[in-house]
Amino acid sequence: MGSRASTLLREEEIEEIKKETGFSHSQITRLYSRFTSLDKGENGTLSREDFQRIPELAINPLGDRIINAFFPDGEDQVNFRGFMRTLAHFRPVEDNEKNKNLSNTEPLNSRTNKLHFAFQLYDLDRDDKISRDELLQVLEKVDVEQKMSIRFLH
């Protein structure tokens, strides 16, 4: 069954993404299929609304912050390459040894890059500081989610 996803991604693009992100060929093609299924406008990019339709992000207390991580510098669309760069931060650190980046740059899923990525989730105003208010917002969201979960279980 040939899908639109498997025909639009060129082999050289897959190789470049593999080198940059450390994802395998099969992971990239699966994620491309997911990307195209989320792309309701069929324009090769995802919007915030596309991400908000993902049920796991919709119910996650930090879902809006995770979505924001896909849109650096006020962008309102993300292409597949940007999508993959962000997802690479979620890859396990131990994958770094077997997927060394040939450009000798630190892998996107290194401990340092993961820490920087997590910091950005909390730094809403992007001033390179996590203010008391920003931290309280996160703690309040997590606290509300925990209370809702406890009520649901009882």
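**Notebook: burial, patches and contacts**

I began with Leu136 and found this residue partly exposed, at a relative accessible area of 32%. My scale is as follows: buried is under 20% relative accessible area, exposed is over 50%, and partly exposed is in between (1.4 Å probe, protein chains only). The model is predicted, so I recorded local features only where pLDDT is at least 70 and side-chain atom pairs only at pLDDT 80 or more, while totals for chains, interfaces and linings use all residues. Residues are numbered from 1 along each chain as its sequence is written, and side-chain values use heavy atoms, without hydrogens or water.

**Entry 1: overall layout**

I listed the secondary structure and found nine helices and two strands. Helices (H or I, at least four residues) and strands (E, at least two) are DSSP runs numbered from the N terminus. Read from the N terminus, the order is α-α-α-β-α-α-α-β-α-α-α. I then checked burial for the chain: 31% of its 154 residues count as buried.

I placed Leu136 in helix H9, residues 132–153. I noted that Leu136 belongs to a nonpolar surface patch with Ile130, Leu135 and Leu139, and that the four together have about 310 Å² of accessible area. Leu139 is likewise in helix H9. A patch takes residues with over 30% relative accessible area and no salt bridge, joining like charges within 9 Å and nonpolar side chains (Val, Leu, Ile, Met, Phe, Trp, Tyr) within 5 Å. The areas come from the Shrake-Rupley method with a 1.4 Å probe, and for residues only the protein chains shown count as cover.

I also looked at Glu134, another residue of helix H9. Glu134 is buried, with a relative accessible area of 5%. Its C-alpha lies 6.4 Å from that of Tyr122, twelve residues away in sequence. For Leu136 and Tyr122, the C-alpha separation is 9.9 Å across 14 residues of sequence.

**Entry 2: helix H7**

How many of the nine residues of helix H7 are buried? I found seven in H7 (residues 80–88), so this helix is largely enclosed by the rest of the structure. The buried residues are Phe80, Gly82, Phe83, Met84, Thr86, Leu87 and Ala88. At the start of H7, I saw a side-chain oxygen of Asn79 within 3.3 Å of the backbone nitrogen of Arg81. Arg81 is partly exposed at a relative accessible area of 27%.

**Entry 3: salt bridges**

I counted a salt bridge where a side-chain nitrogen of Lys or Arg is within 4 Å of a carboxyl oxygen of Asp or Glu. This rule gives seven salt bridges. One of them pairs Glu12 with Arg10, with the closest N and O atoms 2.6 Å apart. Both residues are partly exposed: Glu12 has 43% relative accessibility and Arg10 has 47%.

Which residue forms a salt bridge with Glu16? The partner is Arg81, with closest N and O atoms 3.1 Å apart. This pair links distant parts of the chain, since Glu16 sits in helix H2 (residues 11–21) and Arg81 in helix H7, 65 residues apart. Glu16 is partly exposed, at 39%.

Arg81 also forms a salt bridge with Glu20, the closest N and O atoms being 3.2 Å apart. Here again helices H2 and H7 are involved, so the pair ties together parts that are 61 residues apart in sequence. Glu20 is partly exposed, with a relative accessible area of 26%. Through shared partners, the salt bridges join Glu16, Glu20, Arg81 and Arg85 into one network.

**Entry 4: strand S1**

I located Thr45 in strand S1, residues 45–46. Is Thr45 buried or exposed? Thr45 is buried, with a relative accessible area of 18%. I found its side chain in a polar contact of 3.0 Å with the side chain of Asn43 and in another of 2.6 Å with that of Gln77. A polar contact is a pair of N or O atoms within 3.5 Å; within protein, one must be able to donate a hydrogen and the other to accept it, and residues adjacent in sequence count only if both atoms are side-chain atoms.

Asp76 lies in the loop between helix H6 (63–69) and strand S2 (78–79). With 52% relative accessibility, Asp76 counts as exposed.
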